[in-house]
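This report describes one protein chain, shown below.

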Amino acid sequence: GGSLIDGLIGLIVALIIIAVLSGFEAERIVENAGALMMYSGLAGIILGMVIPIILKGQTLGKKVMGTRMISLDGNYARSGLIIVRSLFYTIPNLLSNIPVIGGLISLAMFVIYIISVYQLWNDPHGRTVQDKVVGSMVSDDILLQKVRASYFKAKEIKKTTIENLYE
């Protein structure tokens, strides 16, 4: 849900950037396609990294859906975790604009997207490839509040994890 909303927001932002920077002229869009794609990629970095750092693990789409990225210990995702998780797709997406190798990178990313969707539906916690790489998961805010409340209420508990809630 949140990723689809983020994708729509990213598409709208990219189209606005391309339209404005090209002066709303189709010929200029074609002439400056590479630079325009890089500006769009930069907007994607802002939407995928900067906003989640400010919103404690929420992209705009996750905020709409009431979810956020958290670390496996149940805490808000730290900046480094958000950046690494976002780079997992951001770097290949930027590299896919390079002539010749861009097509191969896009194909590889398509396969990874398919694997991520499969894992999303088959992992008991809905963790995707990038979640497993960086040790994160996406959780609704209610579950996060349960984890934080149980951590602060029971001082003898040294570490509360998401997995404990599902047992």
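Arg85 and Asp131 form a salt bridge in this predicted model, with the closest N and O atoms 2.7 Å apart. The pair connects distant parts of the chain: Arg85 belongs to helix 5 (residues 79–95) and Asp131 to helix 7 (residues 129–134), 46 residues apart. Arg85 counts as buried because its relative accessibility, 11%, is under the 20% cut-off. Asp131 is also buried, at 1% relative accessibility.

The structure holds 2 salt bridges. The other pair joins the side chains of Lys132 and Asp123, with an N to O distance of 3.3 Å. Here Lys132 is partly exposed, its relative accessible area being 38%, whereas Asp123 is buried at 16%.

**Overall make-up**

The protein contains 9 helices and 2 strands. Read from the N terminus, the order of elements is α-α-α-α-β-α-α-α-β-α-α. Of its 167 residues, 34% count as buried. Among contacts between residues at least 6 apart in sequence, 56% join residues at least 24 apart.

**The strand pair**

Strand 1 (residues 67–71) pairs with strand 2 (residues 136–140) in the antiparallel sense, over 5 bridges. Since 5 of the 5 residues of strand 1 are buried, the strand is largely enclosed by the rest of the structure.

**Helix packing**

Two packed helices are described by the angle between their axes and the distance between the axes. The table lists these values for two pairs.

| Helix pair | Angle between axes | Distance between axes |
|---|---|---|
| Helix 1 (residues 2–21) and helix 3 (residues 33–54) | about 140° | 9 Å |
| Helix 5 and helix 6 | about 150° | 8 Å |

Helix 5 is roughly antiparallel to helix 6, because their angle of about 150° is over the 145 degrees set for that class. Helix 5 passes helix 6 in a left-handed crossing. On the helix 5 side the meeting residues are Phe88, Tyr89, Pro92, Asn93 and Leu95, and on the helix 6 side they are Gly102, Ile105, Met109, Ile112, Tyr113 and Ser116.

Helix 1 and helix 3 pack at about 140° and are therefore oblique to each other. Helix 1 passes helix 3 in a right-handed crossing. Helix 1 contributes Ile9, Gly10, Val13, Ala14, Ile17, Ile18 and Leu21 to the contact, and helix 3 contributes Leu36, Tyr39, Ser40, Ala43 and Leu47.

Conventions
Residues are numbered from 1 along each chain as its sequence is written. This is a predicted model: local features need pLDDT of at least 70, side-chain atom pairs count only at pLDDT 80 or more; totals for chains, interfaces and linings use all residues. Side-chain values use heavy atoms; hydrogens and water are left out. A salt bridge is a side-chain nitrogen of Lys or Arg within 4 Å of a carboxyl oxygen of Asp or Glu. Helices (H or I, at least four residues) and strands (E, at least two) are DSSP runs, numbered from the N terminus. Buried means under 20% relative accessible area, exposed over 50%, partly exposed in between (1.4 Å probe, protein chains only). Two strands pair if DSSP finds at least two bridges between them. Axes are lines fitted to C-alpha atoms, for helices over the stretch in contact, and angles run from 0 to 180 degrees between N-to-C directions. Angles under 35 degrees count as roughly parallel, over 145 as roughly antiparallel, 65 to 115 as roughly perpendicular and the rest as oblique. A crossing is left-handed if the near helix is turned anticlockwise from the far one by less than a right angle, and right-handed if clockwise. Contact means heavy atoms within 4.5 Å.
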